[in-house]
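Please examine the model below, together with its sequence.

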Amino acid sequence: MESVIDRAFAAALYGDGDDGLDTGASLLAAAPEADADLRRRGEEYLHRAWRHGWQPADVIRLVRRDLDDPHVRLTADLIREETARYAHLPPRWPAQLADLGPTGEPARAGDRFTRATTHLQLYRLLLRLPPIEPAGPPPGDTVPGPVHGEPRTLTRIRALLAKAEATNYPEEAEALTAKAQELMARHSLDEALLAARTHAKDVPGACRIGVDAPYETAKAILLDAVAAANHCRAVWNEAYGFSTVVGFESDLESVELLHTSLLVQGTAAMTKAEAGQRAGGRKRTKTFRQAFLMAYANRIGGRLAEAGEHAVREAATEAERDAAGEARDTAALLPALAARDVAVTDRAEQMFPETTTTRVRGVTDAEGWHHGTAAADRAHVTPRGRGPALP
């Protein structure tokens, strides 16, 4: 005999209208004995999502975009319950679980229909998640290895960037960011040289970074520029609001840190510039913001490319300047970086054999473009090498 759960799901999960949802919610509201099975079904849908390449942050991001706060809280609760059964989780998952947010509120008496509707709306979304390229192993396939803390250098970089983003004094922010950039570049170069010297069998990995609306095109362009400057490749999935970044682990960490910092700095500069425009009587804030962020991403991309070329020239001549060989074997740096670039390109092409380019709409707000370019010029970014800040 068909269970209440099966009848409710048959009515609610395979159509687009509200009639089926109402029917399914009514069935579940009248059957409190089905509550445990209802939760279990949600965990099963999440397990299926992990096997199809999704991660907790991806699912939360999509639920937050397409549904409402009660659905987000329910999703967070289900993810916590489902992932608690695994002895080991993939490397990036603990941080994602820590960012899930508050747990769901206790259900109010007499609100069973609303709660059932929330479950069914969420399950409809989970059921329709397609397979995507995995950015790491799912839980259960993880082979536990030695536990390492975050390198001290990355801890210092993270702290410096946090201070730079929090200060209201541009000069202080620039000084803090410049120091963080120097540490970031040294860390990346050290990782590449260490791998070359020890003949390490490291292979490129991947991570996903959210690219949220609004103005997601500009944000994706900014992320692409940061990834390219750090010897990574970024592939944007516009439909699901994220980019997959392919690269070696130390470079992926740099991309995440630098992209986040530049986005925070750009948003703060945009808010300040917009306030000045409003004080002058301007009202077209949407076109101003769009133009600002597009100009910011475009100019940052150009500056990062210039920095990359400068770093290559610097690395090619450093061996001559360091004749005693006391600091580092820079003669091995260029071949090491070239080999890693090839490995990253091969990995990205394996993961995404078919990609398309996106046409960027024209920018119509000259003031926004001017202010965005100026903000990018004030952002000090040196993703590679130990040279001075960008001109």
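The largest cavity has a volume of about 40 Å³. A cavity is here a set of points, on a 1 Å grid over the protein atoms alone, where a 1.4 Å probe fits but cannot get out, and its lining residues have an atom within 4 Å of a point. Grid points are joined across faces, edges and corners, and the volume is the space filled by probe spheres set on the points. The model is a predicted one, in which local features need pLDDT of at least 70 and side-chain atom pairs count only at pLDDT 80 or more, whereas totals for chains, interfaces and linings use all residues. Residues are numbered from 1 along each chain as its sequence is written, and side-chain values use heavy atoms, with hydrogens and water left out.

In total, the structure holds two cavities of 30 Å³ or more. Which residues line the largest cavity? The lining consists of Ala218, Lys219, Leu222, Leu262, Leu263, Gly266, Thr267, Leu293, Tyr296 and Ala297. Two or more of these residues come from each of α10 (216-229), α11 (249-279) and α12 (285-321), and α11 gives the largest share, four residues. Helices (H or I, at least four residues) and strands (E, at least two) are DSSP runs, numbered from the N terminus. By class, seven lining residues are nonpolar, two are polar and one is charged. In this scheme Ala, Val, Leu, Ile, Met, Phe, Trp, Tyr, Cys and Pro count as nonpolar, Asp, Glu, Lys and Arg as charged, and the others, Gly among them, as polar.

Helix α11 also holds Ser261. Ser261 is buried, at a relative accessible area of 1%; buried means under 20% relative accessible area, exposed over 50%, and partly exposed in between, with a 1.4 Å probe and protein chains only. Apart from neighbours within four places in sequence, Ser261 is in contact with Leu161 and Glu165, where contact means heavy atoms within 4.5 Å. Although Ser261 and Glu165 are 96 residues apart along the chain, their C-alpha atoms are separated by 6.9 Å.

Leu176 belongs to helix α9 (residues 170-198). Leu176 counts as buried at 15% relative accessibility, and touches Leu160, Lys163 and Ala164 when residues up to four places away in sequence are not counted. Between Leu176 and Ala162, 14 residues apart in sequence, the C-alpha to C-alpha distance is 9.1 Å.

**Backbone geometry around α10**

Most residues other than glycine have a negative phi, and most peptide bonds are trans. The loop between β1 (205-210) and α10 contains Pro214, which a cis peptide bond joins to Ala213, with omega about 0°. Tyr215 lies in the loop between β1 and α10 as well. The phi of Tyr215 is positive, about 60°, although this residue is not a glycine, and Tyr215 counts as buried at 17% relative accessibility. In the loop between α10 and β2 (233-237) lies His231, a residue other than glycine with a positive phi near 60°.

**Cysteines without a disulfide**

A disulfide is a covalent bond between the sulfur atoms of two cysteines. Taking a disulfide as a pair of cysteine sulfur atoms within 2.5 Å, the structure holds zero. Cys207 is buried, with a relative accessible area of 1%, and Cys232 is buried at 5%.

**Helix α5 and the overall fold**

Helix α5 (residues 69-83) has 15 residues and should span 21 Å at 1.5 Å a residue, which agrees with the 21 Å between its end C-alpha atoms. The expected span is 1.5 Å times one less than the number of residues. The buried residues of α5 are His71, Val72, Leu74, Thr75, Ala76, Asp77, Leu78, Ile79, Glu82 and Thr83. These buried residues pack against α3 (35-51), α4 (56-66), α6 (93-98) and α7 (112-127).

The protein chain contains 14 helices and three strands, and 43% of its 391 residues count as buried. Of the contacts between residues at least 6 apart in sequence, 77% join residues at least 24 apart.

Conventions. 1 Å grid on protein atoms, 1.4 Å probe; cavity = no way out; pocket = protein on both sides within 12 Å on 5 of 7 lines; lining within 4 Å.
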